[in-house]
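Here are some notes to read alongside the structure, for anyone meeting it for the first time. Please keep the viewer open as you go through the points.

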Amino acid sequence: MYIRCIILVLLITSGMSCQTVTVPANSEVTDDQTIMNDTIQGEGTIVWNAFEGGFFGIQANNGEKYYPLGSLDEEFQVAGLAVKFVLRPERDVATIVMWGTPASVVSIAKLEE
């Protein structure tokens, strides 16, 4: 019984620390990003965030931040790497990372320097 109470408390408190992000269907489009078929296309930079256990994110050139669900391929796990991306914002997704919009990576490529 004691273990069930501990598990219940852990489940409740972990659920309270999750963040749910909803991306409106009519999000504004900026000059350096386009939204097509529920995807966002743009250019940006890979950033390393040392909090919440550490993770890589994508910061678009317009300042928008995206949290890639799942991990980026190893070749893209480089802070400061310039990339071109196509992302699918995930609606009603809960994460423990309170940074950026959760998104699935449709495609990502290094930008030529």
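1. A word on terms comes first: a residue is called buried when its relative accessible area is under 20%, exposed when that area is over 50%, and partly exposed in between. Please also bear in mind that this is a predicted model.

2. Let us start with the overall layout. The chain holds one helix and eight strands, and their order along the sequence is α-β-β-β-β-β-β-β-β. Of the 113 residues in the chain, 30% are buried. The accessible surface amounts to about 7,400 Å², and carbon and sulfur atoms supply 54% of that surface. Among contacts with a separation of 6 or more, 62% are between residues 24 or more positions apart.

3. Next, the strand pairing. β3 and β6 run antiparallel and are joined by six bridges; one place to look is Thr 45, whose bridge partner in β6 is Ala 82. β6 also pairs with β8, again in the antiparallel sense, over seven bridges. There, Val 86 stands opposite Ser 107 of β8.

4. How many aromatic pairs are there? The count is five. In one of them, the ring centres of Phe 55 and Trp 99 are 5.8 Å apart and the planes meet at 65°; planes over 60 degrees apart count as edge-to-face, so this pair is edge-to-face. Phe 55 belongs to strand β4 (residues 55-60), while Trp 99 sits in the loop between β7 (93-95) and β8 (101-110), so the pair ties together parts that are 44 residues apart in sequence. Both Phe 55 and Trp 99 are buried.

5. A further aromatic pair is made by Tyr 66 and Phe 85, with 5.9 Å from centre to centre and 55° between the planes, which is a tilted arrangement. Tyr 66 is in strand β5 (residues 65-68) and Phe 85 is in strand β6 (residues 82-89), so this pair links parts that are 19 residues apart in sequence. Are these two buried or exposed? Tyr 66 has a relative accessibility of 4%, so it counts as buried; Phe 85, at 1%, counts as buried too.

6. Ring pairs also join Phe 51, Phe 55, Tyr 67 and Trp 99 into a cluster.

7. In soluble globular proteins, nonpolar side chains tend to be buried together. Here the largest core has 14 residues, and those with the most contacts inside it are Ile 46, Ile 58, Tyr 66, Val 83, Phe 85 and Ile 108. β3 (39-49), β4, β6 and β8 are the elements that each give two or more residues to this core. A second, separate core has five residues, among them Val 47, Tyr 67, Val 97 and Trp 99.

8. Ile 108 is worth a click. Setting aside neighbours within four places in sequence, Ile 108 is in contact with Ile 46, Ile 58, Leu 72, Phe 76, Val 83, Lys 84 and Phe 85.

9. Finally, have a look at Gln 59, which is found in strand β4. With a relative accessible area of 28%, Gln 59 is partly exposed. Beyond neighbours within four places in sequence, Gln 59 is in contact with Gly 44, Thr 45, Val 47, Glu 64 and Lys 65.

Technical notes. Residues numbered from 1 in each chain as written. Predicted model: local features only at pLDDT ≥ 70, side-chain atom pairs only at ≥ 80, totals over all residues. Heavy atoms only, no water. Phe/Tyr/Trp six-rings, centres within 6.5 Å; stacked < 30°, edge-to-face > 60°. Helix = DSSP H or I, 4+ residues; strand = E, 2+ residues; numbered from the N terminus. Buried < 20%, exposed > 50% of the residue type's maximum accessible area, 1.4 Å probe, protein only. Core = buried A, V, L, I, M, F, W, Y, C linked by side-chain atoms within 4.5 Å. Contact = heavy atoms within 4.5 Å. Areas by Shrake-Rupley, 256 points an atom, 1.4 Å probe, with all protein chains shown as cover. Pairing = 2+ DSSP bridges.
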